[in-house]
Amino acid sequence: MARRADAKRCVVLIGFMGAGKTTVGRQLAKRLGWKFLDLDDVIEQREQKRVAEIFAASGEAAFRRVESVALNALLQDRKAGSDLVLALGGGAFVQQRNRAALQAAGAITVLLEAPLEELRRRCNSERKVRPLAQEQAKFEELFATRRADYALAQFRVQTLDKPVKQVTAEIEDLLKAAKAEVET
């Protein structure tokens with residue numbers, strides 16, 4: 001199905017915590033001249049609480065409901081907005097209702113991948129509190145259980161040992177190829 005010429009585009013970066021979704025997303029948006037949003041930031045603004053606080057006070061299931069509501073609201077509001085690069089939290093794409101909402105919105109999904117040990121290294125080197133990264137065994141189990149859902153992304157980009165500029169260039173090339181394919 002051809003996309004209307006005036007339709008707004010949305011590229012959604014998915015992947016496990018530490019994959020680089022926010023860092024790559026900011027640079028990709030800058031490179032494309034699009035708006036950038038991180039869904040966790042959107043949630044924190046809406047809820048007036050940090051993600052870690054929502055997890056601690058209400059648990060993961062409640063956070064996932066808040067996350068889905070925020071994503072759906074963002075996708076609805078975006079229709080009149082600009083082209084968007086959106087970074088999702090590591091568990092957002094795992095939720096079937098979120099994948100359905102992204103598909104219905106015509107979003108292009110890009111999985112940022114890295115090996116488990118690299119993701120753990122990145123998470124441990126940050127100051128950001130990641131509620132689901134606190135226990136090593138839980139981290140590994142979560143990584144394993146999310147892989148099948150992540151594989152449903154339209155595109156994949158490996159991030160290990162690549163500078164952000166290279167990763168963004170690869171995504172831009174994928175987007176150009178996909179656009180050319182749709183136009184032919």
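Modeller: The protein chain holds eight helices and five strands, where helices (H or I, at least four residues) and strands (E, at least two) are DSSP runs numbered from the N terminus. The model is a predicted one, in which local features need pLDDT of at least 70 and side-chain atom pairs count only at pLDDT 80 or more, while totals for chains, interfaces and linings use all residues. Residues are numbered from 1 along each chain as its sequence is written, and side-chain values use heavy atoms, with hydrogens and water left out.

Read from the N terminus, the elements follow one another as β-α-β-α-α-α-β-α-β-α-α-β-α. Of the 184 residues in the protein chain, 43% are buried, buried meaning under 20% relative accessible area, exposed over 50% and partly exposed in between, computed with a 1.4 Å probe on protein chains only. Among the contacts in the protein chain with a separation of 6 or more, 76% come from residues 24 or more positions apart, a contact being heavy atoms within 4.5 Å.

Now to the sheet itself. Its five strands form an open sheet in the order β2-β3-β1-β4-β5, with parallel pairing; two strands count as paired if DSSP finds at least two bridges between them. The edges are β2 and β5 (155-158), each of which pairs on one side only. On average, and with direction ignored, neighbouring strands of this sheet are turned by 20 degrees against each other, the angles here running from 0 to 180 degrees between N-to-C directions and the axes being lines fitted to C-alpha atoms, for helices over the stretch in contact.

Strand β3 (residues 84-87) is covered on both faces, with Leu84 and Leu86 buried on one side and Val85 and Ala87 buried on the other. On one flank, β3 pairs in the parallel sense with strand β1 (residues 10-14) over four bridges, and Cys10 stands opposite Leu84 there. Strand β2 (residues 35-38) also runs parallel to β3 and is joined to it by four bridges; in this pairing Phe36 stands opposite Val85, and Lys35 has Leu84 as its bridge partner.

Most residues other than glycine have a negative phi. Gln48, in the loop between α2 and α3 (51-58), has a positive phi near 55 degrees and is exposed, with a relative accessible area of 67%. Asp161, in the loop between β5 and α8, likewise has a positive phi, near 60 degrees, and its relative accessibility of 73% makes it exposed.

In helix α8 (residues 164-183) lies Glu172, which counts as buried at 14% relative accessibility. Apart from neighbours within four places in sequence, Glu172 is in contact with Leu28, Arg31 and Leu32.

Helix α6 (residues 116-124) and helix α7 (residues 136-150) pack at about 130 degrees, their axes 11 Å apart. They are therefore oblique to each other, since angles under 35 degrees count as roughly parallel, over 145 as roughly antiparallel, 65 to 115 as roughly perpendicular and the rest as oblique. Leu116, Leu119, Arg120 and Cys123 in α6 meet Gln136, Phe139, Glu140 and Phe143 in α7.
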